[in-house]
Amino acid sequence: MDEIGQIAKTEVGSALRAGPISPLLCNVALNGLEQTARRSSAKTLAAQKKMKVQTIRYADDFIIVGETEEMLKNSVQPQVSRFLEERGLELHPTKTKIEKITNGIDFVGYHIKKHPYKHKLNSSKGENQQPQVLIIKPSKENIKKVKKKIKAQMITQKPMEGIIRDVNPILRG
């Protein structure tokens, strides 16, 4: 029998952090987040279809991209906060930021940035109508981690076949 205040191992329950059930529980808890973000930016259904609010989610990490900083701060963020509070969750204060996607955003190991699309066929369009392209590539931090893992495999006494065998899974992800 355990004393009060002591930690004891249990054979029931779920390890929420990095456990196999975590993604499922997260998806259940956050189901409806995308619709809440979209609805908060517009009052009518017709306006919701025109507003440019998109949610990108991976497990419990998400980014919400919107047309203006003002809309994100004044409409979307308060509604998302309420949505999370109803589920016993909250926005992490140091991880919650409002950034311009043209400056780039690091998200789950990738760098996402919107760039003007410069092509000679589009040169006749005005400056305000310039098309944009979204570029997604590995983040600098993620590239450093992969390089470090590869460097650790480069042992001079190891035969080339062994290096190739050990480096290939790292390169494939």
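In which strand is Ile135 found? Ile135 is found in strand β5, where strands (E, at least two residues) and helices (H or I, at least four residues) are DSSP runs numbered from the N terminus. The structure is a predicted model, in which local features need pLDDT of at least 70 and side-chain atom pairs count only at pLDDT 80 or more, while totals for chains, interfaces and linings use all residues. Residues are numbered from 1 along each chain as its sequence is written, and side-chain values use heavy atoms, with hydrogens and water left out.

**Overall make-up**

The secondary structure of the protein chain comes to six helices and five strands, and from the N terminus on these elements follow the order α-α-α-β-β-α-β-β-β-α-α. Of the 173 residues in the protein chain, 19% are buried; buried means under 20% relative accessible area, exposed means over 50%, and partly exposed lies in between, with a 1.4 Å probe and protein chains only. Among the contacts in the protein chain with a separation of 6 or more, 40% are made by residues 24 or more positions apart, a contact being heavy atoms within 4.5 Å.

**The sheet β3-β4-β5**

Three strands form an open sheet in the order β3-β4-β5, with antiparallel pairing; two strands are taken to pair if DSSP finds at least two bridges between them. Because β3 and β5 (132-138) stand at the edges, each with a single partner strand, one side of each is left without a neighbour in the sheet. Neighbouring strands of this sheet are turned by 25 degrees against each other on average, direction ignored, with axes given by lines fitted to C-alpha atoms.

β3 and β4 run antiparallel and are joined by three bridges, and Phe107 has Tyr110 in β4 as its bridge partner. In the loop between β3 (105-107) and β4 (110-116) lies Val108, which has a positive phi of about 40 degrees although it is not a glycine.

For Ile135, the contacts beyond its neighbours within four places in sequence are with His111, Ile112, Lys113 and His115. Ile135 and Lys114 are 21 residues apart in sequence, yet their C-alpha atoms are 6.2 Å apart in space.

Thr55 lies in strand β1 (residues 54-58) and, leaving aside its neighbours within four places in sequence, is in contact with Leu33, Glu34, Ala37, Ile63 and Ile64. The table sets out the relative accessible area of Thr55, Val108 and Ile135.

| Residue | Relative accessible area | Class |
|---|---|---|
| Thr55 | 17% | buried |
| Val108 | 38% | partly exposed |
| Ile135 | 36% | partly exposed |

**The second largest pocket**

On a 1 Å grid over the protein atoms alone, a pocket is an open set of points where a 1.4 Å probe fits, with protein on both sides within 12 Å along at least five of seven lines, and its lining residues have an atom within 4 Å of a point. About 160 Å³ of space lies in the second largest pocket, the volume being the space filled by probe spheres set on the points. Its lining consists of Asn142, Lys145, Val146, Lys149, Ile170, Leu171, Arg172 and Gly173, and the elements giving two or more residues to that lining are α5 (140-153) and α6 (160-172). The largest share, four residues, comes from α5. By class, the lining has three nonpolar, two polar and three charged residues, where Ala, Val, Leu, Ile, Met, Phe, Trp, Tyr, Cys and Pro count as nonpolar, Asp, Glu, Lys and Arg as charged, and the others, Gly among them, as polar.

Key:
Axes fitted to C-alpha atoms, helices over the stretch in contact; angles between N-to-C directions.
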